[in-house]
Amino acid sequence: MPAGGQGIIAIEGRPDTPVHTLLKEVNDEAAYLSLAAERLVLKRLGFGCNAPVGVYGRINAQGSFQLALSTDLQGTLYRFEESGRPDDSLEIAERIAERLRKQMNERL
């Protein structure tokens, strides 16, 4: 499983400029939602780019958003998967992060 945000190509532009308007027109909404969810999981857990965490979000052919998380902290493997509507991608990310946090706390 890849690290959060791995493989995403991103271009940013200042708001209210012609470049920003152009970027909005070519934005891949599915990729954007996936990246936002992946980044939110890492942020909620306080993980950076060096943490042994794989997180992958995607919208499948049926239009369902899926997010999976896999991590190995101190030799313990945790794996969570959840799916739902694309509009719920950030809520799914919050639930995944909370589930991992709960599991980690139970082991301490």
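Me: In which loop does Asp87 lie?
Reply: The model is a predicted one. Asp87 is exposed, with a relative accessible area of 64%, and Asp87 gathers with Asp28, Glu29 and Glu91 in a surface patch of negative charge. Its place in the chain is the loop between β3 (76–84) and α3 (89–107).

Me: Is Ser34 buried or exposed?
Reply: Ser34 belongs to helix α2, residues 29–45. A polar atom of the Ser34 side chain lies 3.0 Å from the backbone oxygen of Ala30. Buried means under 20% relative accessible area. Because the relative accessible area of Ser34 is 6%, Ser34 is buried.

Me: How many residues apart in sequence are Glu82 and Arg99, which form a salt bridge?
Reply: The closest N and O atoms of Arg99 and Glu82 are 3.5 Å apart. Arg99 lies in helix α3 and Glu82 in strand β3, so the pair ties together parts whose separation in sequence is 17 residues.

Me: Which residues do salt bridges that share partners join into one network?
Reply: Glu82 forms a salt bridge with Arg95, with the closest N and O atoms 2.4 Å apart. Arg99 also forms a salt bridge with Glu82. The salt bridges that share partners therefore join into one network the residues Glu82, Arg95 and Arg99.

Me: What is the C-alpha to C-alpha distance between Ser89 and Phe65?
Reply: Ser89 lies in helix α3 and is buried, with a relative accessible area of 2%. Ser89 and Phe65 are 24 residues apart in sequence, and their C-alpha to C-alpha distance is 6.4 Å.

Key. Residues numbered from 1 in each chain as written. Predicted model: local features only at pLDDT ≥ 70, side-chain atom pairs only at ≥ 80, totals over all residues. Heavy atoms only, no water. Patch = residues over 30% accessible without salt bridge, like charges linked within 9 Å, V, L, I, M, F, W, Y side chains within 5 Å. Areas by Shrake-Rupley, 256 points an atom, 1.4 Å probe, with all protein chains shown as cover. Salt bridge = Lys/Arg side-chain N within 4 Å of Asp/Glu carboxyl O. Lys, Arg positive; Asp, Glu negative; His and termini not counted. Charge placed at Lys NZ, Arg CZ, Asp CG, Glu CD. Helix = DSSP H or I, 4+ residues; strand = E, 2+ residues; numbered from the N terminus. Buried < 20%, exposed > 50% of the residue type's maximum accessible area, 1.4 Å probe, protein only. Polar contact = N/O pair within 3.5 Å; in protein donor to acceptor, adjacent residues only side chain to side chain.
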